[in-house]
Amino acid sequence: MWPRVEAAARDLTQGLSGDILENVTEIERRLKDQSMLERVRGNTLRILHYTDDIAHHFHDINMEWLSAMFTIEQRDEDLLKRPRKNIIDKGGLIFFVQDGEAGIVGTCALERQADGFTELTKMGVRSSARRNGAGEFLLRFVLEHTRQLGWRDKLFLLSNERNTAALKLYEKLGFEQDGEIMERFGGRYDRCDVAMRFRE
């Protein structure tokens, strides 16, 4: 039990530094989102970085939700079928969230754009794992990673108003709708009617 408690505590305090009162406030906020008991019980989740041998999960997980809700577009095909060429080799990153019992259940990418912009894209969680907190666990990790890399000030995403659960999660963790992002990047997908930018 103690290793799981220790791991949950590490996750709870990840990225904290500086003023102790600000840290206490942030810890309290995180505990409102997920109690310590839930963190200990659910601490079977871990992050994996992209490797070619697990790349098929990036394709399969995203095809599951995309095909259920939308028409697959050419840009989807390009990114999902050739993630190394179109994301990794261009300076981007792809992450996976693994559940100790269910295996790899979620994924997302950071696609580098011109002028220092970074798109959070192709974030999906298998339908069988959507209630175990994997999506939020993954997104919190990605946001902390972008902070460490200095990519967070120009971080954005493109979505659709039908993705109600995802939009609520994005708003909860600091994304806001942004007309400038829509004008600049929204035309990449026919389905895009929501553009959001991360605000610290």
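Modeller: A polar contact is a pair of N or O atoms within 3.5 Å, where within protein one atom must be able to donate a hydrogen and the other to accept it, and residues adjacent in sequence count only if both atoms are side-chain atoms. The model is predicted: local features need pLDDT of at least 70, side-chain atom pairs count only at pLDDT 80 or more, and totals for chains, interfaces and linings use all residues. Residues are numbered from 1 along each chain as its sequence is written, and side-chain values use heavy atoms, with hydrogens and water left out.

Colleague: Which residue caps the N-terminal end of H2?

Modeller: Helix H2 covers 20–33 (helices are DSSP runs of H or I, at least four residues; strands are runs of E, at least two; both are numbered from the N terminus). A side-chain oxygen lies 3.1 Å from the backbone nitrogen of Leu21, and the residue that provides this cap is Asp19.

Colleague: How far apart are the end C-alpha atoms of H2?

Modeller: The expected span is 1.5 Å times one less than the number of residues. For the 14 residues of H2 this gives 20 Å, which agrees with the distance between the end C-alpha atoms, 20 Å.

Colleague: Which element supplies the largest share of the lining of the second largest pocket?

Modeller: The 34 lining residues of the second largest pocket include Met123, Gly124, Ala165, Ala166 and Tyr170, the closest to its centre. H4, E4, H7, E5 and H8 each supply at least two residues of that lining. The largest share, 7 residues, comes from E4.

Colleague: Which strands stand at the edges of the sheet?

Modeller: The open sheet has 7 strands in mixed pairing, ordered E1-E2-E3-E4-E5-E7-E6 (two strands pair if DSSP finds at least two bridges between them). Each edge strand has a single partner, so one side of each is left without a neighbour in the sheet; these strands are E1 and E6.

Definitions and conventions:
1 Å grid on protein atoms, 1.4 Å probe; cavity = no way out; pocket = protein on both sides within 12 Å on 5 of 7 lines; lining within 4 Å.
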